[in-house]
Amino acid sequence: MPDADPRLDPGRWAAASFRPRGAPPAPAPRPRRGFWRRLGGCCGCCGCCRRGTEDWEPPPGEVPGHRPPQPLRPGQLAPRGLVVGSAADRVAHHTSEFACPRLVVRRGQPFRLRVLLPRPFDPADDGLCVELTLGPNPQVAKGTHVLIPLGESSATGWTAEEEELEEGAERPGGPALNLCLTAPPNAPIGRYRLSIKTRTGAGEYAAPFDDANDFFLLFNPWCPDDHVYMEKTSDLNEYVLNETGRIFYGTEDQIAERAWNYGQFDAGVLEACLYILDRRGMPHSARGDPVMVSRVVSAMVNSLDDNGVLVGNWTGDYAQGTNPSSWAGSVDILRSYHSAGAPVRYGQCWVFAGVMTTVLRCLGFPTRTVTNYNSAHDTDVSLTTDIYFDENMRPLERLNTDSVWNFHVWNDCWMKRPDLPDGYDGWQVVDATPQETSSGLFCCGPCSVTAVKNGEVFLKYDTPFVFAEVGGRGLRAGPPGGAVGVARCNEGAGPQVNSDKVYWQRQPNGAFAVVHVEEGAIGRRISTLGAGSGARLDITHQYKHPEGSEEERRAVSTATSHGSRPRTQGTPSLGEVTVTVGAGPAVAGAELELRAVARNDGVEPRTLRLRLSLCAVRYTGISGAPFRQEQHRRAVPPGQEETVTMTVAYAEYGPHVGDQDALKLTVAGAVEETGQVVAKELRVRLHAPELTLTLLAPAVVGEETPVQVVFQNPLPDTLSGATLRMEGAGISCPKALRLGSVGPGQTVRLRQAVVPLRPGRRRLVAALESPRLGPLHGTLQFDVAPAPAGAAGSTGSPPRRPRRARRRAPPPAGSTGG
């Protein structure tokens, strides 16, 4: 017969732990583990710091977190129930907006646990231990099986202290023990299971685990000891708590913005975010490290390698999924991924970044969405962007593989970097858009923005690629097929912010020569949403030193010194004649006027030969074939200017421009007298009208609220196949609505019903996607009243679909709608 578990021997506990009051003291026991630790004499390597928690470990064969009910013997203390957390805890932990029936708390901060008992708890004769488990295979050694004796610290730093109540403030509900639980500021995040163990003279009782007692633990940017701590409250309100925002796009001269519903507190989003970590197979014990968590999220938001959240598609063919331009937020994407377990189709950079912001803010990271204009993708790692022309200065697009994206969107998240030397804490670049691999994964970062600014490309993760993409003086590359300028510290791709634009011309002998170097063309007007202001904030200075400054030259020197074959930095082209390019009002459907202005700053007259080439260009920098080319020869007197104008009708450019496309004007030429070469590019985004949203009735939690959406077709052609999608944090919206044909100039008024799920100020976001137009957006902010007393619906209620609104057929072409 096997030996009985000595922990269940009542005599053992009566003698060792539960000495009757007034009895003579027992002989001094051997010092418990943790004794030398408390004296400061423990090295920490032998496990003695566990301070007695081993006495509470489950018997052999029991699976922590999945304990079946055990029979109750006379004298044992079995809890009647548990009350995990309170409304006050949600407010104190900044989690009251989470539409989740279970408690959500942050590490490094106490929260309440009320243990309901059949009789008052006697600290002299009773013992109690709080038991927590995380993940499917919790282990004490991994910090995922936590035992917290009352009044003592666990091995991992969790504490459980009895809450001191004011005299006469005993809460109703019968005998209870009111505790304060505190997770250490480095605890793994996730969904914890919770139970209680008690001891009396009759033995130990281990209460079964109940799903209703589970709680979620998140990173805590309000806790100074947490690695994601951020000091400014205004920044925390924007970069952690704000559920809606704006993502900037367009071109550097025509910055546009689209509203985005992050919805990090909506029902099902937190579970989807943790599912992303599970899907990647990230060990639960490693989920306390924000560096590794952000890197895993960066890899998992795209579907490459690991069947992550979103499939990227830049082909223009979205028949098998959703056009990236039609998404209005992250919530539908994350819920779909969690429910189906399959990647959602499709995304492009702003969609990847929007989802990344949602996931990181949900988990507790301060996160901002960042847009870089003229963002280079340097395919040969030369830290330059190279543009090739033939002998007649016509672009050779087949060689122009270093694409310059009109804009690229990524994320910054805030954290300490204990894995780097001092001075690299703060904003870190993470990019979920799949471009190339980093350490074998399609991810990028976290990369210190400070390291990017100083050109310290040897620091992890993926710093060379971020440095190259945001512009500045880079390394001179060789001609096609030549050597690479900088080695890859980590195989990766990311938002390049620091490179020159170098123009090459093919010579009569077939070789290529540098004919023009343009500094400062890459990495322009880096933008994010300012905290509290609601306005665009230019953060270029955080990524780059001023062009030509001593600090900028030092940063480039640092970067080049770590190259495999460093080369001298490029010299900007100088000359008497300069060329600037510009455009008149660029409205979709209207005539477009482009211009090139040549100025002669010399003392002699000059003759300039110019070639103007116009083509459509995707936002990723991939150009179509030129559909309009012109040659001009102009005499420019000294000290004067000459303007060359190109006028393009909609009938000419319309067939070439699709959703998210721009027009690229390339101007290149030479001065006849001196041979000086001039070159310039201009990207023009076509403006389209915004959607107008109007609330038609007061908004109340749980009640259908009608919203009117007004859209006008600005084109002289009929639009068909347009799709309207709406999202809002704390708002249940109808499914995407596909519009019928909309005639030239026609105005359509649509009536849709939404159901607010949470009270307070809410923002509704609408996006309309059409194959012939760029993305159209609209927002509506309104206040939601609480539900009447006794009515259905609450903060934690899951979303329910409103009744389908009656569709109205679009009015006849040419009318003003209904």
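Start by selecting Val115: its bridge partner in β7 is Leu177. You're looking at a predicted model, so keep that in mind as you click around.

Select 190-200, which is strand β8. Here 10 of the 11 residues are buried, so the strand is largely enclosed by the rest of the structure. Which strands does β8 pair with? Take them one at a time:

- β4 (residues 127-134) pairs with β8 in the antiparallel sense over 8 bridges. Pick Cys129 and you'll find Lys197 as its bridge partner in β8.
- β10 is also antiparallel to β8, over 3 bridges. Gly190 has Leu217 as its bridge partner there.
- β9 (residues 203-206) runs antiparallel to β8, with 4 bridges joining them. The two form a hairpin with 2 residues between them, and Thr200 is bridged to Gly203 in β9.

Show the rings of Phe, Tyr and Trp. The count comes to 21 aromatic pairs. Zoom in on Trp158 and Phe215, which form an edge-to-face pair, 6.5 Å centre to centre with 65° between the planes. Trp158 lies in the loop between β5 (145-149) and β6, while Phe215 belongs to β10 (residues 215-218), so the pair ties together parts that are 57 residues apart in sequence. Both Trp158 and Phe215 are buried.

Next, pick Tyr388 and Trp504. This pair is stacked, at 6.0 Å centre to centre and 25° between the planes. Again distant parts of the chain are linked: Tyr388 is in strand β16 (residues 384-389) and Trp504 in strand β20 (residues 500-506), 116 residues apart. Buried or exposed? Tyr388 has a relative accessible area of 5%, so it counts as buried. Trp504 is buried too, with a relative accessible area of 5%.

For a group of rings, select Tyr249, Trp350, Trp405, Phe407 and Tyr619, which ring pairs link into a cluster.

The charged end of Arg295 sits over the ring of Tyr461, 4.2 Å from the ring centre. Arg368 lies over the face of Trp427, at 4.1 Å from the ring centre.

**Last stop: another open sheet**

Move along to β29 (residues 662-671), which pairs with β30 in the antiparallel sense over 8 bridges. Which residue stands opposite Lys664 in β30? Click across and you land on Arg683. Both strands belong to an open sheet of 4 strands in the order β27-β26-β29-β30, with antiparallel pairing. Colour the edge strands, β27 (628-636) and β30 (677-684): each pairs on one side only. Ignoring direction, neighbouring strands of this sheet are turned by 20° against each other on average.

Methods
Residues numbered from 1 in each chain as written. Predicted model: local features only at pLDDT ≥ 70, side-chain atom pairs only at ≥ 80, totals over all residues. Heavy atoms only, no water. Pairing = 2+ DSSP bridges. Phe/Tyr/Trp six-rings, centres within 6.5 Å; stacked < 30°, edge-to-face > 60°. Buried < 20%, exposed > 50% of the residue type's maximum accessible area, 1.4 Å probe, protein only. Lys NZ or Arg CZ within 6 Å of the ring centre and 35° of its normal. Axes fitted to C-alpha atoms, helices over the stretch in contact; angles between N-to-C directions.
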